[in-house]
Amino acid sequence: MKKQRLIIRTVILLVLGAAVIYTLYANFTKDDNPEIEVGKKAPDFVLTDLNGEKYRLSDFEGKGVLLNFWATWCPPCEREMPYLEQQYQNYNDEGIQVLTVNVGEATVTVKEFIDRHKLTFPVLNDKNQEVLTAYGVDPLPITFLIDKDGIIKKIHKGEIINEAVIADMAKEIKP
Amino acid sequence: MKEVKCECGHVNPHGTVLCESCGISLIEEKAQGKLHDMRYEGSARRSQTYNKTIIDKIWNFFSSVKVGVWLIVVTLIASALGTILPQEMYIPTIMTPAEYYEDQYGWFGKLYYQLGFHNLYSSWWYLVLIASIGVSLVICSIDRVVPLYRALKTQRVTRHESFLKRQRLFGITDAQTVDETFEKVKENLKGKRYKIREEDGNILAEKGRFSRWGPYVNHCGLIIFLIGGMLRFVPGMYIDDMVWIREGETKLIPETDGQYYLENKEFTLEVYDKEKDNKAFSEAIENAGMVAKNYQSDVILYKKVDDSVAGEEAKLEEVKEYDIRVNEPLKFEGFALYQTEYKLDELSSMSFNLVKKSDNEPLGNLKIDLNEPEKKYDLGNGYSVEIMSYFPDFEFNDDGEPRTKSRVPNNPAFVFKMLTPDKPDGEISFVAIQQTVEPFGDNEYQMKFAGIETKDVSGLTVRKDSTLWFFAVGGFIFMFGVAQGAYWNHRRIWIRRKDNEIWVSGHTNKNWHGLKREIGMILDGSGIQEPKDQLQDE
Amino acid sequence: MANLSSNLLLVAFILYLVAIPFFGGAIRQKKGLEEKKSFEKWAKIGITITIIGFLSQLGFFITRWIVGGHAPLSNMFEYTAFFGMCLVLAFILIYFLYKTSVLGLFVLPIALLVIAYASMFPRDISPLIPALQSYWLQIHVSTVALGEAILAVSFGSGLIYLVKAIDQSKRSKSTTWLEVIMYSFVAIIGFVVITSGFALSDYKATYNYIDKNDAAATLEYSMPALVGPHEWELVNKGDFEPLVEVPAIINAKKLNTVIWSLGAGLVLYILIRLIIRKRIGALLQPLTKNINLDLVDEISYRSVLIGFPVFTLGGLVFAMIWAQIAWTRFWGWDPKEVWALITWLFYAAFLHLRLAKGWHGEKSAWLAVIGFAIIMFNLIAVNLVLAGLHSYAGS
């Protein structure tokens with residue numbers, strides 16, 4: 001009798017305690033977009049660059065992809081552009097594709113930005129913000145590292161402050 | 001632990017105060033007052049009888065109603081603290097919360113922010129408080145409902161004299177004046193829907209025992225409600241997002257896994273009109289200035305029917321047309337779209353005339369789509385205009401250079417290159433709203449502003465809440481239990497023969513006034529005297 | 001019709017006022033059979049007048065509904081007047097359950113104060129803003145008012161208990177707190193007197209000031225400004241100059257009204273004390289002479305038992321359903337919502353203390369007083385000061 005009672009009490013308290021701890025834990029690790037996280041498949045998309053050329057993410061399977069989201073009005077985005085540009089060629093040789101996605105600004109504005117910074121990597125324009133929505137992008141800039149199987153390996157939130165950061169990221173997704 | 005055997009033969013659990021069966025007091029007479037404490041029928045509250053291990057100690061802590069009441073009171077005070085200043089979610093986003101509270105409310109605001117009261121209801125300690133109430137609910141209920149159930153189930157018809165004597169309503173009548181079979185009384189009791197049990201000519205009449213379970217039923221409802229609150233943290237159960245759609249635009253609805261699109265046909269804002277609306281309102285409208293009557297987005301919901309991926313043109317099929325208004329959300333597949341915000345008259349296009357300054361003669365007109373301007377506008381006859389730079393939301397940065405704050409055309413500005421037959425290399429002109437700068441000296445030509453077009457933008461909240469069922473079911477059970485406990489009464493009347501006397505006792509869990517009246521009617525004409533309220537003798 | 005409507009309210013007000021002395025007469029003597037009969041006659045007249053008054057106020061409610069095209073429950077005046085009506089209804093119901101005239105002597109004056117207080121707010125029939133255009137307006141608001149009114153009856157009988165039970169022969173904490181309750185009634189009278197007084201004399205003074213967003217704004221006072229707004233400036237030279245200036249986040253006009261009301265209440269209270277030469281509690285005590293303490297305690301408890309589920313249904317359940325429809329979420333920690341939760345938690349604690357801890361009698365009566373204070377805080381302070389999403393209720 002006595003022992004049984006102790007067991008019942010212990011079980012009830014454990015269940016209640018677990019529920020409370022889970023709630024507290026979940027409250028502090030609230031993730032806005034549970035679909036997008038490291039280890040999950042990156043949502044596929046098709047976007048065109050300013051020259052009208054189509055890019056489909058799944059076409060790059062077998063290569064690593066560095067997917068960067070940016071806007072012309074975002075100063076940290078502007079600051080990280082030179083690093084991406086410098087490394088773009090190197091990566092390509094290592095089997096890593098750099099894709100950058102603009103948040104859907106006017107073509108004139110984006111074009112001017114590309115010319116000013118002499119960018120050579122593909123700049124895709126997400127006119128309807130569908131890809132932004134799919135990736136839950138907010139705030140800018142943000143960079144996703146996707147491996148050769150299309151799995152997200154790393155999410156870098158915020159500015160890429162130097163080349164070393166890119167080099168580290170590249171290591172993760174080298175095929 | 002020793003069980004307690006009563007003189008009537010019934011074996012009671014340890015800690016029982018009044019024998020479950022006959023009602024005799026199992027503790028020393030001295031400890032009892034003039035009247036029995038009938039809460040929980042004098043049954044053994046288990047928590048108070050075992051206090052050895054840490055588990056028992058935790059259990060006993062939460063099992064105490066005193067602790068429960070303290071938890072309620074502390075939660076109450078904490079909740080009140082959170083209403084002194086607006087919570088973070090209700091303050092404007094013009095500055096950071098830290099700055100806002102200090103700016104608006106001075107040192108008090110700063111302190112309020114530092115103590116974390118700006119986000120009180122999702123703070124860890126508030127959650128702990130609510131959770132403790134939940135734990136207390138479970139344990140208190142388990143601890144009381146079981147012994148109470150036992151006691152009410154085991155109770156005998158013939159109760160011990162000391163039990164009857166210590167009921168609040170009690171009276172003795174000389175048996176000689178009474179019809180010994182109690183026929184009339186029994187009939188009256190039945191008329192009042194009492195359940196009658198008899199034993200050796202003694203009577204126990206009982207009704208509304210059902211109401212004793214009310215508190216436990218409502219606690220169950222509350223627990224289900226709290227579980228609903230807990231599930232809210234499970235990913236995917238609760239979605240809170242927002243979509244802004246311009247008139248004429250079709251947009252993907254976020255969080256629908258790319259499946260649903262929404263077209264905004266038109267946004268309407270109506271205000272009450274003194275002349276056209278109910279004349280009774282005219283004074284109120286006059287005093288208030290302007291009163292909103294309706295916010296409405298006329299939309300079409302589409303579902304994607306092909307395998308296209310994000311960014312690709314999708315094949316859409318119309319699902320339904322709907323007018324979303326406040327209080328009338330559009331619902332589909334567990335989602336609801338609410339009319340929550342709007343932006344009137346966002347610029348959508350701007351028109352300019354190219355003129356020669358000397359004679360102001362228009363040489364051609366161009367209309368610029370502000371969301372996607374062309375690179376070059378050919379005006380014919382050798383006149384054309386090129387857009388060198390476009391700043392949809394223009395400002396000067398710290399270095400004095402033009403830049404844009406966002407992609408939204410709130411304050412568009414352009415750098416135009418005007419190509420004309422007499423200036424084939426073009427003239428450069430910077431044009432913003434009510435502002436023209438000619439960086440390379442006086443131009444001969446000018447872009448003259450010729451009008452704008454605007455569109456309204458609807459801001460719709462995208463909501464999915466799969467936990468609502470828990471709240472609905474929990475709320476319903478709670479209401480049921482509360483009503484059960486509050487609107488029914490558990491009444492018992494004991495009638496016992498003792499030698500030449502008839503003893504009558506009455507007990508109810510509440511509404512003694514009602515019980516007294518009822519006993520009066522039941523005993524009317526039987527010759528038995530109405531029992532006295534022993535509390536009022538004092 | 002709009003005129004008819006306001007006249008009906010006035011008639012109801014007068015009838016309630018007339019009914020009070022009859023209830024007073026009903027409790028005078030209780031000895032002897034003959035006198036008992038006359039006592040019943042007094043009570044009968046009292047309750048009849050009360051019921052006619054209630055019907056008249058119901059007429060006010062219905063005609064106003066017809067004129068406005070929506071249930072008159074959408075602003076401070078309409079809600080508070082309806083609350084007063086529910087209070088009378090709750091009293092009538094409890095009266096027939098327990099036949100206690102003394103309850104009328106205490107509850108009717110409270111209802112009168114509530115209605116008088118309501119009438120101090122703008123009485124225009126106003127159109128409904130989009131958020132209020134829903135049949136849930138009637139359902140939610142009327143259930144809340146009814147629940148709160150039943151809970152207020154518990155306060156009324158709790159008050160009777162205290163007036164009778166507290167020993168007035170010497171000064172104690174209890175007598176002081178009882179006087180605080182009495183003072184707050186007097187302060188409401190003060191508010192009504194001062195507001196109507198200045199309204200009759202058509203007092204107006206306009207000030208330019210700087211609001212909390214650093215923008216220039218104007219405020220029109222209808223009472224002399226003891227407290228002026230942030231960086232005030234008189235529009236008409238020669239108007240009363242404020243004595244004190246408050247920071248921009250404080251609504252100077254409302255604070256000014258509060259100070260005037262409390263001040264007028266204090267003056268009234270002191271006058272009363274000077275005239276009667278004893279505590280108001282002691283003045284009222286003889287009225288409760290024939291009342292059975294146990295019975296008022298039970299009425300107080302039963303009112304909570306009846307009112308608590310009604311309040312929960314209206315103030316939380318219906319409120320949540322409507323909030324889910326209108327505001328996209330059933331709960332958002334808006335001040336009014338939080339204070340409804342606080343009210344609910346308080347009465348939950350009340351019931352637990354009574355059921356499990358055996359808090360009867362005086363303790364329970366004090367709890368009923370605190371509960372009513374919370375309800376009044378939610379009605380007055382939350383609407384006028386904390387505002388939030390229910391801000392339309394504040395005008």
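Predicted model: local features only at pLDDT ≥ 70, side-chain atom pairs only at ≥ 80, totals over all residues.

Residues 440-519 of chain B are 35% helix and 46% strand, and their end C-alpha atoms lie 106 Å apart. The unreviewed entry also carries the annotation "transmembrane region", which covers residues 67-85, 124-146, 216-234 and 468-488 of chain B. Two of these spans may be compared with the model. Residues 67-85 of chain B are 79% helix and 0% strand, with 29 Å between the end C-alpha atoms. Residues 124-146 of chain B are 100% helix and 0% strand, and here the end C-alpha atoms are 33 Å apart.

Within chain B, one salt bridge deserves attention. The side chains of E41(B) and R492(B) form this salt bridge, and their closest N and O atoms are 2.6 Å apart. E41(B) lies in the loop between β2 (11-12) and α1 of chain B, whereas R492(B) lies in strand β22 (residues 491-498) of chain B, so the pair ties together parts that are 451 residues apart in sequence. Over all chains, the count by this rule comes to 45 salt bridges.

Let us now turn to what chain B touches, beginning with chain A. The contact draws 49 residues from chain B and 42 residues from chain A. The size of an interface is often given as the accessible area lost when the parts come together. For chain B and chain A the buried area is about 3,800 Å², with 65% of it on carbon and sulfur atoms. Three salt bridges are found by the rule across the interface of chain B and chain A. One of them joins the side chains of E312(B) and R56(A), with an N to O distance of 2.9 Å.

Which elements of chain B give two or more residues to the side that touches chain A? They are α1 (54-63), α4 (124-154), β7 (250-252), β15 (383-391) and β17 (402-404) of chain B. Of these, α4(B) gives the most, with nine residues. By class, the residues of the side of chain B that touches chain A are 26 nonpolar, 10 polar and 13 charged.

The other partner to consider is chain C. Here 62 residues of chain B are in contact with 62 residues of chain C. Together, chain B and chain C bury about 4,900 Å², and carbon and sulfur atoms account for 65% of this area. The rule finds one salt bridge across the interface of chain B and chain C. R168(B) and D294(C) meet through their side chains in a salt bridge, at 2.7 Å from N to O. Between chain B and chain C there are also 18 residue pairs in polar contact, both residues being at pLDDT 80 or more. Helix α2 (residues 65-81) of chain B supplies the largest share of the side of chain B that touches chain C, namely eight residues. That side of chain B comprises 35 nonpolar, 15 polar and 12 charged residues.

Finally, a word on how chain C is itself divided. Its domain assignment gives domain 1 (2-168 + 278-394) and domain 2 (173-277). The C-alpha centres of domain 1 of chain C and domain 2 of chain C are 26 Å apart. Between these domains of chain C, 22 residues of domain 1 are in contact with 21 residues of domain 2. The area buried between domain 1 of chain C and domain 2 of chain C is about 1,900 Å², 82% of it from carbon and sulfur atoms. Between these two domains of chain C the count is zero salt bridges, while four residue pairs are in polar contact, both at pLDDT 80 or more.

Definitions and conventions:
Residues numbered from 1 in each chain as written. Chains lettered and ligands numbered in written order. Heavy atoms only, no water. Contact = heavy atoms within 4.5 Å. Buried area = accessible area lost by both parts, 1.4 Å probe. Salt bridge = Lys/Arg side-chain N within 4 Å of Asp/Glu carboxyl O. Helix = DSSP H or I, 4+ residues; strand = E, 2+ residues; numbered from the N terminus. Nonpolar A, V, L, I, M, F, W, Y, C, P; charged D, E, K, R; others polar. UniProt positions renumbered as here; feature names shortened; annotations may be inferred. Domains from an automatic or database assignment. Polar contact = N/O pair within 3.5 Å; in protein donor to acceptor, adjacent residues only side chain to side chain.
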